[in-house]
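Subject: Structure for you to look at

Hello,

Here is the structure I promised to pass on. Please open it first, then read my notes below with it on screen.

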Amino acid sequence: MIKKIDVGTEFYHSLTNRNYQQRDGKNTGVGFRETYLSELDTDEAWKDDSGFIILDFTNVKKMGPSWANEVFAYFTKYAKPKIILKKIKLENISRVKKSIIQNELEGGYSREIGFMA
Amino acid sequence: MDSWHKIKMNNKYIYVFLAIIFFFVFLTHIDGMATGLCYWLSQKNNFLALIFCAFIEDPININDLNTSISIITKCLNIIIGVGGLFLGIYYFSSRISYDREAAAIEKKNIRLNMILDQLNIYDGFVSKILRMDFQDEIMLEKIRDKVERSFELVQLLIENNDAILNLTDEDIQTVTKVNAYVDKCEIMIIRYPFILEQEIDFKEQKREYIPLIQDARMVCLQNMG
C-alpha cells in the first residue's frame, strides 16, 4: 500500500528552506526527506520503479527551489528524474510548483555552499 | 465593444426571430413567386404547377409585360431579402465571436503585463545585490526578502490565471528557472561578513542570471496578442 502524505497539513504549508542554515531554518527540505523519504536513501530502494509515496500538495501555499532541490533532486544520485517521479508521485499540484520540481530534477542536486555560516 | 458584451442574447432566439421575419417576407411575396413557378411548371407540363396555382389570388395575363416584370421583381426581392437576412445572421454571429476573442486576448495581455512588471521589480532587487548596492547586513537581508516576495507574486499570478494565460509547460519552466537559479546561488545565501572578508563580487552570477531573466521576459512578450 502506497503511503499518502498531505504535505501542507502534516508537514508545513510553506516549503522554502533547504536546511537549518537557510532563512529561519524551520520546516526544511532535509527534515522532510529524513522524515518521509528516508527509506529511499539506499540503492536497494531504486531497483524497481514501483510507487513508494504520494505527496498531496493541496494545502501547500508556497514552494521554493531550495526545498524542492533538497527533497527531489537529492535522489538523482540513484535514479533519473522520470523514475524519481514514478516513485514519488505528486497529487493536486499546480503547474508552477510542478515546473519548480522539474527544474530541480533536471538541474541536479546542488551541493551546499560551505560558507553559509 | 462593451455594448456587445452587455447584450446577453442566446443565438438560437436570434435565429427564431429571423426565421419569423423571413416567413412574413415570404408570405408577402408568395403570390408573385407562386405565379412565376406555376407558369414555368405548366410550360413543362409538370403536375406540380397545380400546387402553386392555389396561391394565385387573381387571374392574370401572363403575356402582359407589366405582370411579367412584377413577377420577376417579386422573385428577385425575395431572393435578395433572404440573402440579406443570411448575411445579417452571419455578420452578427461573426461579430460576437470576434468580440469574445478580442476580450480574451485583452484579459491575457493585462495579466502578462502584470507578470512582466513584477519580473522587472524582481530584477531590480536582484540587480541591487549583484551590484553590491547594500551597506550592511540588515540592508542585504531586506533586499533578499524583497527578492523572495516579488517572485512569489509572479508565481501566484501564473498559478491563479492559468486558464486565461494558457502558457505552455515550457514557458512556465522558463519563468521559474530564474528563481531556481537565484534562490540557490550565492547572492541569496552568503552572509554579509563573508562577502566583506573574501571581497566577493558577483560578476559570474550576473553573467548567468541575465540570460535567464531575459528569457522570462520574452515568455511574457511572445505570448501577448
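**Salt bridges**

Over all chains, the structure holds 20 salt bridges. A salt bridge here is a side-chain nitrogen of Lys or Arg within 4 Å of a carboxyl oxygen of Asp or Glu.

Some ground rules before the details. This is a predicted model, where local features need pLDDT of at least 70, side-chain atom pairs count only at pLDDT 80 or more, and totals for chains, interfaces and linings use all residues. Residues are numbered from 1 along each chain as its sequence is written, chains are lettered from A and ligands numbered from 1 in the order in which they are written, and side-chain values use heavy atoms, with hydrogens and water left out.

Start inside chain A. Lys47(A) pairs with Glu44(A), with 3.1 Å between the closest N and O atoms. Both Lys47(A) and Glu44(A) are exposed. (Exposed means over 50% relative accessible area, buried under 20%, and partly exposed in between, with a 1.4 Å probe and protein chains only.)

Asp49(A) and Lys86(A) also form a salt bridge, at 3.5 Å from N to O. This pair links distant parts of the chain, 37 residues apart: Asp49(A) is in the loop between helix H2 (29-36) and strand E3 (53-56) of chain A, and Lys86(A) is in helix H4 (residues 81-87) of chain A. Helices (H or I, at least four residues) and strands (E, at least two) are DSSP runs, numbered from the N terminus. Asp49(A) is partly exposed at 36%, and Lys86(A) is partly exposed at 42%.

**Where the chains meet**

How many residues of chain B are in contact with chain A? The count is 24 residues of chain B, against 24 residues of chain A. Contact means heavy atoms within 4.5 Å. The two chains bury about 2100 Å² between them, 51% of it on carbon and sulfur atoms. Buried area is the accessible area (1.4 Å probe) that two parts lose on being put together, summed over both.

The rule finds eight salt bridges across this interface. One of the structure's salt bridges joins Glu104(A) to Lys184(B), at 2.7 Å from N to O. On the chain B side, helices H5 (137-160), H7 (169-184) and H8 (186-189) each give two or more residues. H7(B) gives the most, with nine residues. Look too for a network of salt bridges that links Arg23(A), Lys62(A), Asp145(B), Glu148(B), Arg149(B), Glu152(B) and Asp183(B).

Which residues of H2(A) are buried? They are Gly29(A), Val30(A), Phe32(A), Arg33(A) and Tyr36(A). These residues cover an arc of only 165 degrees around the axis, so they lie on the same side of H2(A). The arc is taken from the directions from the helix axis to the C-beta atoms. Glu34(A) and Thr35(A) are exposed on the other side. The buried residues pack against strand E1 (3-6), helix H1 (7-11), E3 and helix H3 (65-71) of chain A.

Most residues other than glycine have a negative phi. Met132(B) is not a glycine, yet has a positive phi of about 60 degrees. Met132(B) sits in the loop between helix H4 (65-130) and H5 of chain B. Asn166(B) has a positive phi too, near 55 degrees. Asn166(B) lies in the loop between helix H6 (162-165) and H7 of chain B, and is exposed at 57%.

Best wishes
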